[in-house]
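Biologist: I would like to learn how to read the features of a model like this one. Please give the general idea each time, then the case at hand.

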Amino acid sequence: MKFSAIILALTFGAAAAFAPATRSARSSVRVNAEPTGGLNGWVPDENAFAWGLPGSLDPVPEFDPAGFAEGCTLNEMKRYREAEVTHGRVAMLSVIGFLVAESFHPLFGGEIIGPAIDHLTEVRKIQPEFFELLAVTIGVVETSRAQNGWVPPAEVEGKQFLNDDYYPGDINFDPLGLKPEDPAEFAEMQTKELQHGRLAMLASMGFIAQELTDHLGIVEHFQ
């Protein structure tokens, strides 16, 4: 795998994600003229692709080669989107983590160097309890997210795991105040986030495969 190919993918993908939404992308998302609170103006439409959720845009609109969106219920589609948004956000953080962790080493006495895929192993040698602390932190964050949008386990009926008034991915975390109040603007920003997340998932898999192949840090390929 050539690292230059990954860089090209990141460049063109990021440029496309920041481009204004096309007419077909806008028309595939049905929103109310006024904000509707918890669903951010989104009106579920059974006849629209993915129940009218944002994320479909040119040059490959309604891209679903595996057919996950065909015939799925509203609750299933919301769970699919919840999973996609969450994985995309984790992937974006991981891509940044790869590049930053391999470039700067201020923690643990600067002893954590080399490919990022080995960093956790190296950290445990210096700070054995680090993994347990990390697991607890992730557990607290995930519990908070679950309480925000998920139905309590004892109250689940069938496959309805998400609350009716929960918009997939909207966990009420917006410290910089970037969330638009206008439904159409929110749908456009959601599409951009999805595009960046999708690109990051591909990039992070490429990073991992590259480091497993030659055991060199991603940043080392620049040098």
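Biologist: How much space lies in the second largest cavity?

Modeller: On a 1 Å grid over the protein atoms alone, a cavity is a set of points where a 1.4 Å probe fits but cannot get out. Grid points are joined across faces, edges and corners, and the volume is the space filled by probe spheres set on the points. Here the second largest cavity holds about 40 Å³, and the structure has two cavities of 30 Å³ or more. As to the source, this is a predicted model, in which local features need pLDDT of at least 70 and side-chain atom pairs count only at pLDDT 80 or more, while totals for chains, interfaces and linings use all residues. Residues are numbered from 1 along each chain as its sequence is written, and side-chain values use heavy atoms, with hydrogens and water left out.

Biologist: Which residues line the second largest cavity?

Modeller: Lining residues have an atom within 4 Å of a point. In this case they are Glu84, Val85, Gly88, Arg89, Met92, Glu193, Leu194 and Gly197. Helix H3 (74-101) and helix H6 (183-214) are the elements that give two or more residues to this lining, and H3 gives the most, with five.

Biologist: How many helices and strands does the protein chain have?

Modeller: Helices (H or I, at least four residues) and strands (E, at least two) are DSSP runs, numbered from the N terminus. The protein chain has six helices and zero strands, so its pattern along the sequence reads α-α-α-α-α-α. Contact means heavy atoms within 4.5 Å. Of the contacts with a separation of 6 or more, 64% are between residues 24 or more positions apart.

Biologist: How many salt bridges does a search of the whole structure find?

Modeller: Side chains of opposite charge can pair when their charged atoms come close. The criterion is a side-chain nitrogen of Lys or Arg within 4 Å of a carboxyl oxygen of Asp or Glu. The search finds nine. One of them joins Glu84 and Arg198, with the closest N and O atoms 2.5 Å apart. This pair links distant parts of the chain, Glu84 being in helix H3 and Arg198 in helix H6, 114 residues apart.

Biologist: Where do Arg145 and Glu142 lie relative to each other?

Modeller: They are three residues apart in helix H5, and therefore separated by about one helical turn. Lys192 and Glu188 form another salt bridge, at 3.8 Å between the closest N and O atoms. Lys192 and Glu188 are four residues apart in helix H6, which again means about one helical turn. Salt bridges that share partners also join Arg81, Glu84 and Arg198 into one network.

Biologist: Is Arg145 buried or exposed?

Modeller: Buried means under 20% relative accessible area, exposed over 50%, and partly exposed in between (1.4 Å probe, protein chains only). Arg145 has 16%, so Arg145 is buried. Glu142 is partly exposed at 35%. Glu188 is buried at 18%, whereas Lys192 is partly exposed at 24%.

Biologist: Which residues make the nonpolar surface patch?

Modeller: Patches are made of residues with over 30% relative accessible area and no salt bridge: like charges are joined within 9 Å, nonpolar side chains (Val, Leu, Ile, Met, Phe, Trp, Tyr) within 5 Å. Accessible areas come from the Shrake-Rupley method with a 1.4 Å probe; for residues, only the protein chains shown count as cover. Leu120, Phe131, Leu134 and Ile138 make a nonpolar patch of about 310 Å². Helix H5 (residues 130-149) gives the most to this patch, with three residues.

Conventions. On a 1 Å grid over the protein atoms alone, a cavity is a set of points where a 1.4 Å probe fits but cannot get out, and a pocket is an open set with protein on both sides within 12 Å along at least five of seven lines; lining residues have an atom within 4 Å of a point.
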